[in-house]
Amino acid sequence: MNVKDILREDLVDLSVEAASCTDLFMRISDVLFSKGYVVQEYGQQLQKREHAFPTGLATKTVDVAIPHTDAVFVKEPFVYVLKPKTKIAFHQMGTFPENGVLVHPKLIFILGFSKNDMQLALLQTLMKIFNDETMMDQLIEAETEKELFELLRKQIDDIGGEKE
């Protein structure tokens, strides 16, 4: 399976609301579990990993987050793209939660790897997108799930989303 195959239109949500990361992780875990992508304890495992290894990123254009956990909790690989309606605080990658360095992502990419070797290709592709200010502006301005999905899909194709 390649990078572009794990991006699915039914896993794009432009209206997610959550009071915190914990709330967000439990909500999206329920959705992913009901669709058969993850095991039931996925949300708790996502929360544990986020606490140990924060995933908030301050990019050139906007803050993003890339929460993920171990492949054993994923049944089928996916990228769940969220554009929160409310601010959700994430600790910045490379810091410890007790340092209190926060970002408020405008885009959240929940990553589900079923094989750890897929992780590198997906993260490399996402980092190229995050560093493209024009693309990030377009993603933020997308008004529908379909529009955001198509923008991402095209960008992944342009980058070379055939990587395994």
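This is a predicted model: local features need pLDDT of at least 70, side-chain atom pairs count only at pLDDT 80 or more; totals for chains, interfaces and linings use all residues.
1. Leu107, Phe109 and Leu111 point one way from E7. Ile108, Ile110 and Gly112 point the other way. All of these residues are buried.

2. What does that say about the strand as a whole? Six of the six residues of E7 are buried, so E7 is largely enclosed by the rest of the structure.

3. Now look at the partners of E7. Which way does strand E3 run relative to E7, parallel or antiparallel? Strand E3 (residues 63-65) pairs with E7 in the parallel sense, over two bridges. Find Val64: it stands opposite Leu107 in E7.

4. Strand E4 (residues 78-82) also pairs with E7. Here the strands run antiparallel, and five bridges join them. Leu82 stands opposite Ile108 in E7.

5. Next, the aromatic rings. A pair of rings is described by the distance of the centres and the angle of the planes. Rings count as a pair if their centres lie within 6.5 Å. By this rule there are four aromatic pairs. One of them is Phe109 with Phe130: 5.3 Å centre to centre, with 55° between the planes, a tilted pair.

6. Why does this pair deserve a look? Phe109 lies in strand E7 (residues 107-112) and Phe130 in helix H3 (residues 116-130), so the pair ties together parts that are 21 residues apart in sequence.

7. Finally, check a group of three. Tyr37, Tyr42 and Phe78 form one aromatic cluster.

Methods:
Residues are numbered from 1 along each chain as its sequence is written. Side-chain values use heavy atoms; hydrogens and water are left out. Rings of Phe, Tyr and Trp (its six-membered ring) pair if their centres lie within 6.5 Å; planes under 30 degrees apart count as stacked, over 60 as edge-to-face and the rest as tilted. Helices (H or I, at least four residues) and strands (E, at least two) are DSSP runs, numbered from the N terminus. Buried means under 20% relative accessible area, exposed over 50%, partly exposed in between (1.4 Å probe, protein chains only). Two strands pair if DSSP finds at least two bridges between them.
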